[in-house]
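Here are my notes on the model you sent over. Have the sequence and the 3D view open as you read, and follow the points in order.

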Amino acid sequence: MLLRIDHVGIACENLDEKIAFYEATFGVTVVSREVNEEQGVKEAMLHVADGEGGGSYIQLLEPLSADTPVGKFLAKRGEGLHHVAYGVTDVTEAIEQIGGAGVRLIDKQPRHGAMGTSIAFLHPKDVGGVLTELVESPVRQS
């Protein structure tokens with residue numbers, strides 16, 4: 001079911017500063033910047049590598065306000081790993097299978113993600129304490 005690690009989401013206080021750090025330190029390149037009002041974040045996707053299943057990225061997330069999920073995360077835990085995202089061929093099918101296996105779903109239906117993807121989150125308490133995201137790329141992988 002899982003094609004690859006699509007991205008690792010990292011919560012940060014200042015998106016521009018973190019982008020500069022990751023570019024200078026790791027030589028990665030920003031391929032997308034968006035404001036996602038629904039999720040309450042400014043985000044940047046930094047390209048790490050390409051593989052058979054598609055690209056892998058680092059996603060930097062800055063909250064739009066303190067009362068958003070990422071804002072609350074930062075207040076409680078500080079900057080750092082927020083979630084791990086896995087690429088899937090069909091996010092709707094994946095959440096049906098995973099939900100059918102008893103894992104609680106944060107999203108029962110896919111929603112808009114970065115770079116035109118369809119995404120859904122799984123409850124961290126059912127996935128070893130890790131907020132887990134499923135990602136379907138806009139162009140289906142064969």
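**Notes on the model**

1. Let me begin with K18, which is partly exposed because its relative accessibility is 24%; here buried means under 20% relative accessible area, exposed means over 50%, and partly exposed is in between (1.4 Å probe, protein chains only). A word on the basis: this is a predicted model, where local features need pLDDT of at least 70 and side-chain atom pairs count only at pLDDT 80 or more, while totals for chains, interfaces and linings use all residues. Residues are numbered from 1 along each chain as its sequence is written, and side-chain values use heavy atoms, with hydrogens and water left out.

2. Which residue does K18 meet in a salt bridge? The partner is E79, at 3.4 Å from N to O; the term stands for a side-chain nitrogen of Lys or Arg within 4 Å of a carboxyl oxygen of Asp or Glu. This pair links distant parts of the chain, with K18 in helix α1 and E79 in the loop between α2 (69–77) and β5 (80–88), 61 residues apart. Helices (H or I, at least four residues) and strands (E, at least two) are DSSP runs, numbered from the N terminus. E79 is partly exposed, with a relative accessible area of 40%.

3. By the salt-bridge rule the count comes to seven. One of them joins R33 and D16, whose closest N and O atoms are 2.8 Å apart. R33 lies in strand β2 (residues 29–36) and D16 in helix α1, so this pair ties together parts that are 17 residues apart in sequence. Both ends are partly exposed: R33 has a relative accessible area of 47%, and D16 has 48%.

4. Please look at E62 and K42 too, a salt bridge with its closest N and O atoms 3.4 Å apart. It links distant parts of the chain, as E62 sits in strand β4 (residues 54–63) and K42 in strand β3 (residues 41–51), 20 residues apart. Is E62 buried or exposed? At 13% relative accessibility, E62 counts as buried, whereas K42, at 29%, counts as partly exposed.

5. Now the aromatic side chains: the structure holds three aromatic pairs. For this, rings of Phe, Tyr and Trp (its six-membered ring) pair if their centres lie within 6.5 Å; planes under 30 degrees apart count as stacked, over 60 as edge-to-face and the rest as tilted. F21 and F26 make an edge-to-face pair, at 6.1 Å centre to centre and 85 degrees between the planes. Why is the pair of Y22 and F26 tilted? Their ring centres are 5.4 Å apart and their planes are at 40 degrees, so this pair is tilted.

6. Y22 and F26 both belong to helix α1 (residues 15–26), where they are four residues apart, about one turn of the helix. F21, Y22 and F26 form one aromatic cluster. Their accessibility is worth a look: Y22 is buried at 13%, F21 is partly exposed at 42%, and F26 is exposed at 53%.

7. How are the strands arranged? Eight of them form an open sheet in the order β2-β3-β4-β1-β5-β8-β7-β6, with mixed pairing; two strands pair if DSSP finds at least two bridges between them. The edge strands are β2 and β6 (111–112), each pairing on one side only. β2 and β3 run antiparallel and are joined by seven bridges. The bridge partner of V35 in β3 is K42, which also forms the salt bridge with E62.

8. Helix α1 packs on the sheet, touching β1 (2–11), β2, β3 and β4, and its direction makes about 145 degrees with that of β4. Helix α3 (residues 91–100) also packs on the sheet, touching β5, β7 (118–122) and β8 (132–136), with its direction at about 145 degrees to that of β8. Contact means heavy atoms within 4.5 Å; axes are lines fitted to C-alpha atoms, for helices over the stretch in contact, and angles run from 0 to 180 degrees between N-to-C directions.

9. Finally, S118 is found in strand β7 and counts as partly exposed at 27% relative accessibility. Leaving aside neighbours within four places in sequence, S118 is in contact with V91, P110, R111, L134, V135 and E136. The C-alpha atoms of S118 and M45 are separated by 15 Å, with the two residues 73 apart along the chain.
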